[in-house]
Amino acid sequence: MGSWEYVQKLGMGWNLGNTLDACTVEGSSPLEQETKWGNPLTTKAMITMVKNAGFDILRIPVSWYSQMDENYVINSAWLARVKKVVDYGYNSGMTVIINIHHDDWHFPDEMNYHKSSKILKKIWTQITKFFIEYDERLIFEGMNEPRKKGTPHEWNGGDVEGRRVVMKLNQDFVDTVRATEGNQMRMLMVPTYAASAYEIAMSDFSIPQGKNLIVSIHAYVPYPFALDPDMSKKWTIEQQQPINCLFELIDRYFLSKNIPVIIGECGARRKGDNDIDRAAWASYYTEVARQRGVPCIWWDSGCVDSQVEREVFGLLNRYELRWEYPSIVAAFLGKKHL
């Protein structure tokens, strides 16, 4: 089965955010890293709840840099912990995605390219060998939002140099995985610059050479409603147009060319008491996505209380094992109720 047919069979997904991707100082223990940003240790019961709700995909963001030595060798205990969490989803029948998340060494400019390429190849060689026995239900995603952090080109679709370097790193990732025995046909996700949904990031993107590739895009759309903390918290019919435009662009640059796309991150943050509006947004967003054959993965930060953190994307209360906003979960999954 090729990547196009594979993606068309997938449903919606859920991100285990702010967990294995938490940033810590070098030398932190695996369990210190996993709980650093306030979430509890991941359990099988949590992932079972995600599966039983109807989510088809479990995306597990992973940061690696603090668990590597000076030669970029990954701590075996960290690999084992990542594997245990992967198995919670994989053994339940879910499709699982693992990536390189908050690692900052892949700043995409030409001066840094050779170092970035070396580290990327080293990391993915280890990961691919470690997970060699897993079938196509384990997807590898090369990088998360690779971008020129702290520059004017960070979030606007990038500059020409940045987009070119990201494409070179994408090719390095694909070649590295394919060179590892047993991974010639594994599904691989490759991002646009910053995983951006800007048109320039999509139009100025070339898919790497190789088979079974999927484009990764992140799209918190429309921005004033979904992401900006100080703008619209009410969902209106006028806000449907940016979503329509997003999927028209995805169709133009990828789907019409039989290049599959997964929206690896999306969601609408909580702003006070706008949960009914968020559910309406989720219903519309994923309905348009289903019509185009694009799976979407909700970014769940684990934060369900707006008094704790401004970016409230949490749906699952991981401490109490309950869905905090079941109407939003149901709407995102295309159900009448959870």
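Q: Where is the place of Phe205?

A: Please note before we start that this is a predicted model. Phe205 lies in the loop between helix H7 (199–203) and S6.

Q: And is Phe205 buried or exposed?

A: Phe205 counts as buried, because its relative accessibility is 10% and the cut-off for buried is under 20%.

Q: What does Phe205 touch, leaving out residues up to four places away in sequence?

A: Phe205 touches Met167, Asn170, Val190, Pro191, Thr192, Val215 and Phe254.

Q: How many residues apart in sequence are Phe205 and Ile263, and what about in space?

A: Phe205 and Ile263 are 58 residues apart in sequence. From C-alpha to C-alpha, the two are 16 Å apart in space.

Q: Let us turn to S6. How many of its residues are buried?

A: Strand S6 covers residues 213–218, and six of its six residues are buried.

Q: Which residues of S6 point which way?

A: Leu213, Val215 and Ile217 point one way, while Ile214, Ser216 and His218 point the other way.

Q: Which strands does S6 pair with, then?

A: S6 pairs in the parallel sense with strand S5 (residues 188–191), over four bridges. In that pairing, Leu188 stands opposite Leu213 in S6. S6 also pairs in the parallel sense with strand S7 (residues 261–266), again over four bridges.

Q: What about S7 and S8: over how many bridges do they pair?

A: S7 and strand S8 (residues 296–300) pair in the parallel sense over two bridges. Ile263 stands opposite Cys296 in S8.

Q: What do the strands build together?

A: They form a closed barrel of eight strands, running S1-S2-S3-S4-S5-S6-S7-S8 with parallel pairing. On average, neighbouring strands of this sheet are turned by 25° against each other, direction ignored.

Q: Now the helices. At what angle do H5 and H6 pack?

A: Helix H5 (residues 110–130) and helix H6 (residues 160–178) pack at an angle of about 25°, and their axes are 9 Å apart. H5 is therefore roughly parallel to H6, since angles under 35 degrees count as roughly parallel. The crossing of the two helices is right-handed.

Q: Which residues of H5 and H6 meet?

A: From H5, the residues are Glu110, Tyr113, Ser116, Ser117, Leu120, Lys121, Trp124, Thr125 and Thr128. They meet Glu161, Val165, Lys168, Leu169, Asp172, Phe173, Thr176 and Val177 in H6. The residues of this contact divide into seven nonpolar, five polar and five charged.

Q: And at what angle do the axes of H9 and H10 cross?

A: The axes of helix H9 (residues 240–253) and helix H10 (residues 275–292) cross at roughly 20° and come within 10 Å. H9 is therefore roughly parallel to H10. H9 passes H10 in a right-handed crossing.

Q: Which residues make that contact?

A: H9 contributes Gln240, Ile243, Asn244, Leu246, Phe247, Glu248 and Asp251. H10 contributes Trp281, Tyr284, Tyr285, Val288, Ala289 and Arg292.

Q: How do the residues of the contact of H9 with H10 divide, in terms of nonpolar, polar and charged?

A: They divide into eight nonpolar, two polar and three charged.

How values were computed: Residues are numbered from 1 along each chain as its sequence is written. This is a predicted model: local features need pLDDT of at least 70, side-chain atom pairs count only at pLDDT 80 or more; totals for chains, interfaces and linings use all residues. Side-chain values use heavy atoms; hydrogens and water are left out. Axes are lines fitted to C-alpha atoms, for helices over the stretch in contact, and angles run from 0 to 180 degrees between N-to-C directions. Angles under 35 degrees count as roughly parallel, over 145 as roughly antiparallel, 65 to 115 as roughly perpendicular and the rest as oblique. A crossing is left-handed if the near helix is turned anticlockwise from the far one by less than a right angle, and right-handed if clockwise. Contact means heavy atoms within 4.5 Å. Ala, Val, Leu, Ile, Met, Phe, Trp, Tyr, Cys and Pro count as nonpolar, Asp, Glu, Lys and Arg as charged, and the others, Gly among them, as polar. Buried means under 20% relative accessible area, exposed over 50%, partly exposed in between (1.4 Å probe, protein chains only). Two strands pair if DSSP finds at least two bridges between them.
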